[in-house]
Amino acid sequence: MRADTGVGDRVGADRVGAERVGAGRAGAERATQMQRGGLERVRGLVADGTPLGTALAGEGHLSVEAILAAHERASARLLGAGEELQRLLDQPGVTDVVVHAGHAWVDRGAGMEEAEMPLGEEREVRALAVRLAALAGQRLDDAAPIVDGTLPSGVRLHAMLPPLSADGTSISLRRHRQDALSFEELGRLGAYGPLTGQVLRALVEKRANAVLAGATGTGKTTMLSALLALVPLHERVVCIEEVRELQPHHPHVVHLQARGANVQAAGAVGLDSLVRAALRMRPDRIVLGEARGAEIREVLTALNTGHAGSWFTLHANQVADVPARLAALGALAGMSPAMVALQASVALDVVVLLRREDGVRRVAQIAALLPGERDSLRAAPVLEVRGGREVPVAGAWEEFHAVWMR
């Protein structure tokens, strides 16, 4: 009898426990439904013109967590990249999120990897791209199927519609840090070694005109922002970019941003016009976010007229490629290779090359820009990083050190 009674007690206890668990789940579901219903009522009231505070006051059961979650979803939809993509962009370490052929890819610093997430059909992806373009103040449709811009959150947008993007709407989003890394922080992250750090500081202090080169995603903008923070506080820096990305911690920085043409194909203001305008703004240093076209003529002219200590970035895979890249850009402005070499050999002093290796963006090489044979330009390496070791180049280093490090 005692054994039977014990079994019965345990069965009864299990039944009570199960009922309590069921009741708890049901209660949680009811609470969730109440939260959702309350949020829907608040949305409806606000849509009808009721102040947000008044609408919330009538829904005392709404939790702080529910309100914050609703705010994050609304921000992602109205100011960001949508709930799914914004969730990726908000993850630590993420620099790029791209959408192509119905798939999303993310770069966390070690290269692209596919992100498993529902993107919907092509029409939904296209609608997202159009909405993002509108957030950036741009137009995206069949008449203007390519767009570049910046979202209110600071994320850089590039989007392209079919048939130019043959596999479906393409969206590329690049996130920049809201708080730019300092030069010291970059050093702790492995972006440069002790000797390289001394060289970079000296180039800023001695007002060298420098090219910051590297492939896409090597950290050129981040490094340039950190270097500009080393500029003396009394100097005025004018930054010229297609889309604002530079964020130097400096009290006197003027940001100029290019503008595309409007619907009537009028009103465009290019980088070349902004460089000319910058010369009339009493700059101590002129910085071009990226040289990619005919504006190189205005930049070289500006650097030959007394604006020492200026920088610009350039896409190149190695320092030896920089003279050819400059010549190619000069050709877009109607300059001959000999003219580019003549101007650049006087205007430019140094090339700093960045690479991304093993997920770390670091300075890989520093070279001096010198006149070459037959009206050419050459990049002579003076410091190289090999296997993590900083190796001065014999002969060239001594001459470079005498000019910039004393």
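Strands, like helices, are DSSP runs numbered from the N terminus, and a strand has at least two residues. With that in hand, we can look at Ala159, which sits in strand 5. The model you are viewing is predicted, and the mean pLDDT of the protein chain is 83, with 79% of its residues at 70 or more.

**Confidence along the chain**
- Among the elements of the protein chain, the lowest mean pLDDT, 52, belongs to helix 1 (residues 2-47).

- Setting aside residues up to four places away in sequence, Ala159 touches Ala129, Leu140, Pro145, Ile146, Val147, Ser170 and Ile171.
- Gly149 is 10 residues from Ala159 along the chain, and the C-alpha atoms of the two are separated by 9.1 Å.
- Thr313 belongs to strand 11, which covers residues 311-315.
- With 3% relative accessibility, Thr313 is buried because the cut-off for that word is under 20%.
- Beyond its neighbours within four places in sequence, Thr313 is in contact with Leu212, Lys220, Leu224, Leu288, Gly289, Glu290 and Ala291.

**A closer look at helix 5**
- Helix 5 runs over residues 122-135, and its 14 residues should span 20 Å at 1.5 Å a residue; the end C-alpha atoms are 20 Å apart, so the two values agree.
- Val125, Leu128, Ala129, Leu132 and Ala133 are the buried residues to look for in helix 5.
- Just after helix 5 comes Gly137, with a positive phi of about 75 degrees.

- As background, most residues other than glycine have a negative phi, and most peptide bonds are trans.
- Pro162 and Pro163 are joined by a cis peptide bond, with omega about 5 degrees.
- You can find Pro163 in the loop between strand 5 (156-160) and strand 6 (170-174).
- Arg207 is not a glycine, yet its phi is positive, near 60 degrees.
- The loop between helix 7 (194-205) and strand 7 (210-214) holds Arg207, whose relative accessibility of 25% makes it partly exposed.
- Arg282 also has a positive phi without being a glycine, at about 50 degrees.
- Look for Arg282 in the loop between helix 9 (271-278) and strand 10 (285-288).
- Arg282 has 56% relative accessibility, so it counts as exposed, a label used over 50%.

**Aromatic rings**
- A pair of aromatic rings is described by the distance of the centres and the angle of the planes.
- The count of aromatic pairs, with centres within 6.5 Å, comes to two.
- In the pair Phe183 and Tyr192, the ring centres are 4.4 Å apart and the planes are at 15 degrees, so the pair is stacked, which requires under 30 degrees.
- Phe183 and Tyr192 are both buried.

How values were computed: Residues numbered from 1 in each chain as written. Predicted model: local features only at pLDDT ≥ 70, side-chain atom pairs only at ≥ 80, totals over all residues. Heavy atoms only, no water. Helix = DSSP H or I, 4+ residues; strand = E, 2+ residues; numbered from the N terminus. Buried < 20%, exposed > 50% of the residue type's maximum accessible area, 1.4 Å probe, protein only. Contact = heavy atoms within 4.5 Å. pLDDT = per-residue confidence, 0-100. Expected span 1.5 Å × (residues − 1). Phe/Tyr/Trp six-rings, centres within 6.5 Å; stacked < 30°, edge-to-face > 60°.
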